[in-house]
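Here's a quick briefing for anyone meeting this structure for the first time. Have a look at it, then read on.

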Amino acid sequence: MIAALVRGIILLSLASAIGGLALGLLFPGSAASDLDLARIRLRRWVLTSLALLFLATCAELVVRAQAMSNARLAASIMAVPSVVTDTHLGQILAARLVAVIVALLLAFESSWAFRAFVLLVLAVTALTLSLTGHAADRGDATLGVGLDWAHAVAASAWVGGLIALALVAGRRGASWSRESQAAVASRFSRMAGLCLLVVVVTGAYNAWTQLGGLTPLWETAYGRMLIAKLAIAAVLVWLAAVNRYTHLPRLAPSEPAEPRLAAYVTREALVGLAVLACTAGLGALTPGRHAMFERRPTTHVAPVARSSGSGPLPGTVTPPRGDAAHGRAVFAKLECATCHAIADAQFSAPTRPGPDLAGIGARHPGEIIESIINPNAQILDGQGYTDERGQSTMPDYRDRLTVGELIDLVEYLRTFDTPPPPASRAAPAAPAPAPPGGSTAPALPAPPDAPGAPAPPEAEPSAPPR
């Protein structure tokens with residue numbers, strides 16, 4: 001709930017800043033002195049939106065750190081530096097903060113060139129929404145991320161422009177001349193029409209890729225939220241059409257333009273706010289293509305009783321003891337550390353999504369073998385852990401791993417039987433978006449019953465639905 005609220009504030013503030021700057025560029029030249037007050041108010045609104053975007057991004061960093069560490073608020077705040085330096089997600093959010101600071105510093109300038117550059121900076125900033133949302137599940141440099149980015153920029157310019165126009169056009173002050181009103185209204189109408197075209201095309205693609213079919217549209221919470229968003233967006237389009245083809249041509253030249261223009265635009269802006277709220281909700285829900293995936297049951301055979309001093313031990317297969325040193329070499333050869341964090345100084349932090357292997361040795365070796373050779377048997381939920389079909393993104397090793405190497409690899413993993421202390425779990429590496437085609441290995445979670453074992457990461461919402 002808190003994550004969705006923070007995401008909604010980010011969407012609103014970014015849309016308001018982009019829309020406000022775009023609207024300012026549509027104003028007639030400085031010769032239109034009747035718009036001077038509106039320009040001042042618009043600049044203040046953009047600065048306020050940028051400040052709110054900065055604060056909301058800081059809040060998102062804390063929320064994400066808390067989701068990764070499963071710690072209290074104070075510990076999560078302390079973990080933020082580690083999240084920024086050690087995780088892909090943290091680096092994206094840090095880049096957003098830098099971009100917002102640059103935009104804030106330049107937004108004080110009133111020249112057209114500076115405002116256009118700030119708008120460009122914010123358009124690039126919108127990319128961070130796509131890189132931290134559902135669109136990045138298949139990787140950063142993908143068609144889905146590009147189209148989601150275009151969707152975010154177009155929707156922000158349209159809805160954010162409506163909000164800004166409603167705020168500056170209806171305030172008390174100097175009246176707009178009919179010429180200024182006609183120029184602003186007609187230019188914004190043309191920009192909104194272009195944005196609508198981009199939103200429809202990109203939104204259709206995003207909806208199809210995130211749903212994966214028609215059934216999830218009404219059988220999943222994500223699909224039902226999408227239906228609500230589409231219904232509200234349809235109302236917004238209808239209001240825009242009525243205002244464009246009915247109200248704008250009838251604006252009376254004998255009275256100030258602001259009250260009537262604001263009345264028309266305010267209705268659209270309120271509906272646009274509802275669309276942004278639905279978008280934030282979509283970012284907090286699991287996409288239909290994942291929610292509808294029917295995971296296959298585990299391929300474990302019935303537990304086999306083994307006699308021991310403490311009673312029967314459950315399991316499926318017990319491999320012989322192997323060579324842990326050679327197992328480390330196998331771990332390096334298969335590049336397992338690319339996806340899995342492990343307490344071995346020889347390996348650097350992972351750069352792709354995959355469960356932390358801390359405490360993996362406490363599991364039965366048969367379960368470790370299954371996680372390697374049949375990762376789809378039990379899939380840990382997490383961003384980037386599955387492909388578009390809901391299958392594990394762990395590679396197939398049947399042609400790359402001999403039986404002896406498998407035994408040695410399991411022996412090496414069995415040496416990590418101690419979960420990390422709570423302090424070291426404050427900020428585990430966040431899963432980065434999975435690359436196209438998937439080459440990650442999300443199938444080796446620490447045992448849930450191990451003392452102090454870290455909680456599995458939850459699927460994160462985006463960065464900006466899309």
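Let's begin with a pair of helices: the crossing of H7 and H8 is left-handed (left-handed if the near helix is turned anticlockwise from the far one by less than a right angle, right-handed if clockwise). Helices here are DSSP runs of H or I with at least four residues, numbered from the N terminus. Keep in mind that this is a predicted model, where local features need pLDDT of at least 70 and side-chain atom pairs count only at pLDDT 80 or more, while totals for chains, interfaces and linings use all residues. Residues are numbered from 1 along each chain as its sequence is written, and side-chain values use heavy atoms, with hydrogens and water left out.

**How the helices pack**

- H7 and H8 pack at about 150°, and their axes are 8 Å apart (axes are lines fitted to C-alpha atoms, for helices over the stretch in contact, and angles run from 0 to 180 degrees between N-to-C directions).
- H7 and H8 are therefore roughly antiparallel (under 35 degrees counts as roughly parallel, over 145 as roughly antiparallel, 65 to 115 as roughly perpendicular and the rest as oblique).
- H2 meets H7 at an angle of about 135°, with axes 9 Å apart, so this pair is oblique.
- The crossing of H2 and H7 is right-handed, and the contact (heavy atoms within 4.5 Å) is made by Ala38, Arg41, Leu42 and Trp45 of H2 with Ile163, Ala164, Leu167 and Val168 of H7.
- H2 also packs against H3 (residues 73-86), this time at about 100° with axes 8 Å apart, which makes H2 roughly perpendicular to H3.
- Among the residues making the H2 and H3 contact are Leu61, Val62 and Met68 of H2, plus Leu73, Ile77 and Val80 of H3.

**The nonpolar cores**

- A nonpolar core is a set of buried Ala, Val, Leu, Ile, Met, Phe, Trp, Tyr and Cys residues joined through side-chain atoms within 4.5 Å; buried means under 20% relative accessible area, exposed over 50%, and partly exposed in between, using a 1.4 Å probe and protein chains only.
- The largest core has 57 residues, and those with the most contacts inside it are Leu23, Phe27, Leu50, Leu122, Leu165, Trp176 and Phe188.
- Helices giving two or more residues to this core include H1 (2-26), H2 (36-69), H7 (143-169) and H8 (178-211), and H1 gives the most, with 12 residues.
- There's a second, separate core of 21 residues, including Cys336, Ile372, Leu406 and Tyr412.

**A look at H5**

- H5 has 14 residues and reaches 20 Å from its first C-alpha to its last, close to the expected 20 Å (1.5 Å times one less than its number of residues).
- Its buried residues are Val118, Leu119, Val121, Leu122, Ala123 and Thr125.
- The buried residues of H5 pack against H1, H2, H4, H6 (127-131) and H7.

**Around the loop between H13 and H14**

- Leu357 sits in the loop between H13 (324-333) and H14 (365-373) and counts as buried, at 0% relative accessibility.
- Leu357 and Ile342 are 15 residues apart in sequence, but 5.4 Å apart in space, C-alpha to C-alpha.
- Glu335 lies in that loop between H13 and H14 too, but Glu335 is exposed, with a relative accessible area of 55%.
- Phi of Glu335 is near 60°, a positive value in a residue other than glycine.
- Phe416, in the segment after H15 (403-413), counts as buried at 12% relative accessibility.
- Not counting residues up to four places away in sequence, Phe416 touches residues including Ile342, Leu357 and Ile360.
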